Amino acid sequence: MTTRTSTCPCKSVEIEVTGTDKGAVLCHCSNCQAQSGSAFMHNHRLTKSDMKFTRGQDFVKTYVDKNTKSGNELTRGFCSNCGSSLFLTNPAFKGLTILTAGTMNGERTQPSMELFPESKYQWVGDVTGKSSKL
Ligand SMILES: [Zn+2]
Ligand SMILES: [Zn+2]
């Protein structure tokens with residue numbers, strides 16, 4: 001079991017997630033590109049996890065993303081004060097918490113896999129050498 005914490009840049013929200021550390025992946029799906037405002041999302045996965053808001057739960061807003069490539073409904077959590085993405089959960093995978101690597105405290109590990117490589121921007125280099133559809 002690992003415990004990881006995340007804090008958004010305005011420091012309103014702090015999250016603590018305890019679970020089995022499954023490492024990081026990159027997601028190149030168009031929704032992750034749009035939500036991150038960037039080329040891809042760097043997501044860190046914990047399974048059998050328990051998420052607690054240790055600060056600022058009132059600032060947390062969620063967006064239920066129903067239009068995903070996988071067909072799974074994703075809940076995308078973000079800070080309503082600074083707008084930063086904080087976490088994703090997927091009701092199809094109970095106990096899975098995905099933390100956005102950029103808001104995590106401590107080590108941000110190199111991704112082991114890249115999801116949805118078909119929508120990867122052409123100029124993004126090979127990060128992991130491994131592609132997967134999920
Ligand atoms: Zn994605
Ligand atoms: Zn914030």
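**Contacts, fold and zinc site**

Q: What does Ser49 touch, not counting residues up to four places away in sequence?
A: Ser49 touches Val17, Thr18, Gly19, Gly95, Leu96 and Thr97. Contact means heavy atoms within 4.5 Å.

Q: Before we go on, what kind of model is this?
A: This is a predicted model, where local features need pLDDT of at least 70, side-chain atom pairs count only at pLDDT 80 or more, and totals for chains, interfaces and linings use all residues. Residues are numbered from 1 along each chain as its sequence is written, chains are lettered from A and ligands numbered from 1 in the order in which they are written, and side-chain values use heavy atoms, with hydrogens and water left out.

Q: Back to Ser49. Buried or exposed?
A: Ser49 counts as buried, at 17% relative accessibility. Buried means under 20% relative accessible area, exposed over 50%, and partly exposed in between (1.4 Å probe, protein chains only).

Q: Which side chain does the Ser49 side chain pair with in a polar contact?
A: That of Thr97, at 2.7 Å. A polar contact is a pair of N or O atoms within 3.5 Å; within protein, one must be able to donate a hydrogen and the other to accept it, and residues adjacent in sequence count only if both atoms are side-chain atoms.

Q: Where is Ser49 found?
A: In strand S3. Strands (E, at least two residues) and helices (H or I, at least four) are DSSP runs, numbered from the N terminus.

Q: And Lys48, where is that found?
A: Lys48 is also in strand S3. Its phi is positive, about 45°, although Lys48 is not a glycine. Lys48 counts as exposed, at 68% relative accessibility.

Q: Where does Lys52 lie?
A: Lys52 lies in strand S3, which covers residues 41-55. Lys52 is partly exposed, with a relative accessible area of 44%.

Q: What is Lys52 in contact with, leaving aside neighbours within four places in sequence?
A: Glu14, Ile15 and Glu16. Val17 is 35 residues from Lys52 in sequence, but their C-alpha atoms are 6.3 Å apart in space.

Q: Which loop holds Lys11?
A: The one between strand S1 (2-7) and strand S2 (14-27). Lys11 has a positive phi, near 70°, and is a residue other than glycine. Lys11 is exposed, with a relative accessible area of 52%.

Q: Switching to the metal. What coordinates the zinc ion?
A: Cys27, Cys29 and Cys32 coordinate the zinc ion (ligand 1), each through SG, at 2.2 to 2.3 Å. Donors are N, O and S atoms within 2.8 Å of the metal (3.2 Å for Na, K and Ca); water is not among the atoms, so sites may look incomplete.

Q: How are the donor residues spaced in sequence?
A: As C-x1-C-x2-C.

Q: Cys29, buried or exposed?
A: Cys29 counts as buried, at 7% relative accessibility. Cys32 is buried as well, with a relative accessible area of 2%.

Q: What about Cys79, buried or exposed?
A: Buried: Cys79 has 1% relative accessibility.

Q: Which loop is the place of Thr103?
A: The loop between strand S7 (97-100) and strand S8 (113-115). Thr103 is buried, with a relative accessible area of 8%.

Q: What does the Thr103 side chain join in a polar contact?
A: The side chain of Thr100, at 2.7 Å. Not counting residues up to four places away in sequence, Thr103 touches Thr5, Ser6, Thr7, Cys8, Ser84, Ser85 and Leu86.

Q: Zoom out. What does the secondary structure come to?
A: One helix and nine strands. From the N terminus on, the order is β-β-α-β-β-β-β-β-β-β. The protein's radius of gyration is 14 Å, close to the 14 Å that the globule rule gives for 134 residues, so the protein is as compact as a globular protein of that length. The radius is taken over C-alpha atoms; the rule is 2.2 Å times the number of residues to the power 0.38.

Q: What does the C-alpha trace span along its principal axes?
A: About 40 × 30 × 25 Å. Buried residues make up 43% of the 134 residues. Of the contacts with a separation of 6 or more, 55% are between residues 24 or more positions apart.

Q: What does UniProt list for residues 4-122?
A: The unreviewed UniProt entry lists "domain: CENP-V/GFA" there. UniProt positions are in the numbering used here, feature names are shortened, and annotations may be inferred rather than shown by experiment. Over residues 4-122 the chain is 6% helix and 48% strand, and the end C-alpha atoms are 32 Å apart.
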